[in-house]
Amino acid sequence: MKALRTLIPAFLAASPVGAMPQNHLPKQTILGAAGRAKPLGVGHFSEWSRATKKAFLVDWQAGKASEWTIVEGNEGGDLDSMTAALTWAYHLDHISENSSHPIKAIALLQTPSHALDLRPENKLALDNSQMTAGHEDLLTMDELPEDPETLAKKLKGIVLVDHAEPLRKWSHANIVSIFDHHKDRGTAPKAKPRVFETTASCTTIVARQMLDELEQLEEEYHMPHELLELILSAIAIDSGGLTSDKTTKADIETSKRVLARSAWAKKDLEDVMEDLDDQLTSAQKDIDHLDLRDLLRRDWKGDLIDTPSPRTPTVSLGFASVPYSMDEQILKTDFKELFDWFAIHAAWTAEAGVDISITLNKYKQHHKDGSKEKIREIVLTVRDDVRIDQHQANALFKVVKEALENNAEGIELTPWHRADELSNRQMVWTHKSGAGRKIIRPIVEDAVSGWD
Ligand SMILES: *[C@@H]1O[C@H](CO)[C@@H](O)[C@H](O)[C@H]1NC(C)=O
């Protein structure tokens, strides 16, 4: 079952001059989706990014997609995923620039362009790196000129950054390399490099590999300061400015090496990283205006999962991560009541076509003595109108509920304070274990793929 896709990239189709060669456009402007002229990004990195996007689309139109390698981050599209993909695509392109077989590589953001706008921190980081506003330098999922399932087989290959296995729609692609900080799922054992390492930021792993290879060259290729600063931004936000518990030696060492080459080389590493983290984290938190639907879409990851028995078909699973409690989210709905949370959520999961949806909430509880506590919630729902019927949906809900309640990770789940108001195939728990999507997702996926 293939999604219907337009054959014209959205950003070309959106403007009436789309068919004209680029040099007919006024210098230094491109037409945004609304047809208004927007200033182009001015940095070297922005120029490279836009030129690469153009070259990819030109080659695709000429039937030469087979020459390209797509570097793809995960579909949540956070700053880490985006930066890791851009960094490695830049590196592949430049490390091979003088060879007789230059590598054609492009970063793909596996989010639609509108979902990127739900991440103000990405907007800020791209702006700091002098990229064109509105992400026009970047290739996003809705601009891909061909269905991924078809394109995957034509491409030279894909590189996975910040996720451990390709989404189902890319499963027929040749996986060239993997750089990740999630759990190794054994995908593409022959990929090279194939790095799984626990770091705060996946960008750390990619940047370190890039610098190692760069420093071995007789003459280094040009490394734009905008890219270096984007790398520091990604590491800073994921490591709390190198101060969070998640921070590893690799995050610190790599940041040092990157800083030394950046325009901030004379500044102190701790200061730079703390400033970046403060700036980006406050941008990231500037989402109070988003409604529930946008919050669900903002950081959404989903894929198809096979089940072993022919009686239990492939199911579709989606994860949302929302930085508000269930109670706060309910207040963001039109009617400000529990039923509306489930109505809006159901409309979104219907649109996304998922059978099982998991929403992971986190928030801070303020106690009377002034202390704060991090609380997480897990919302589980199963639909019976996408790929599975009511009987199967009931069984699947039970399997996933039991897997979560009896997890081997030591996460103690407590039913949410309004759990008695929930309906069929709905459950909400709270926990204080700190386990986020990285831990919860494999538990659910393993339960679904073992469902019989
Ligand atoms: C390619 O050649 C140019 C010009 O000599 C040089 O500046 C650049 O560093 C070379 N790139 C690589 C990857 O060796």
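**View 1. Helix 8 passes helix 9 in a left-handed crossing.** A crossing is called left-handed if the near helix is turned anticlockwise from the far one by less than a right angle, and right-handed if clockwise. The two elements span residues 225-238 (helix 8) and 249-261 (helix 9), and their axes come within 9 Å and cross at roughly 155 degrees. Helix 8 and helix 9 are therefore roughly antiparallel to each other; angles over 145 degrees count as roughly antiparallel, under 35 as roughly parallel, 65 to 115 as roughly perpendicular and the rest as oblique. Axes are lines fitted to C-alpha atoms, for helices over the stretch in contact, with angles from 0 to 180 degrees between N-to-C directions. Helices (H or I, at least four residues) and strands (E, at least two) are DSSP runs numbered from the N terminus. The model is predicted: local features need pLDDT of at least 70 and side-chain atom pairs count only at pLDDT 80 or more, while totals for chains, interfaces and linings use all residues. Residues are numbered from 1 along each chain as its sequence is written, and side-chain values use heavy atoms, with hydrogens and water left out.

**View 2. Helix 3 also packs its axis alongside that of helix 8, within 9 Å.** Helix 3 comprises residues 79-95, and the crossing angle with helix 8 is roughly 150 degrees. These two helices are therefore roughly antiparallel to each other, and helix 3 passes helix 8 in a left-handed crossing.

**View 3. Residues around the ligand.** An N or O atom in the side chain of Glu97 is 2.8 Å from a nitrogen atom of the ligand. A polar side-chain atom of Asn98 lies 2.4 Å from a ligand oxygen atom, and a backbone N or O atom of Glu220 lies 3.0 Å from an oxygen atom of the ligand. The protein covers 63% of the 360 Å² of accessible area that the ligand has on its own (Shrake-Rupley method, 1.4 Å probe).

**View 4. Backbone features in two loops.** A cis peptide bond, with omega about -10 degrees, joins Lys192 and Pro193. Pro193 is found in the loop between strand 7 (175-180) and strand 8 (194-196). Asp162, a residue other than glycine, has a positive phi near 65 degrees and is placed in the loop between strand 6 (157-161) and strand 7.

Conventions:
A polar contact is a pair of N or O atoms within 3.5 Å; within protein, one must be able to donate a hydrogen and the other to accept it, and residues adjacent in sequence count only if both atoms are side-chain atoms.
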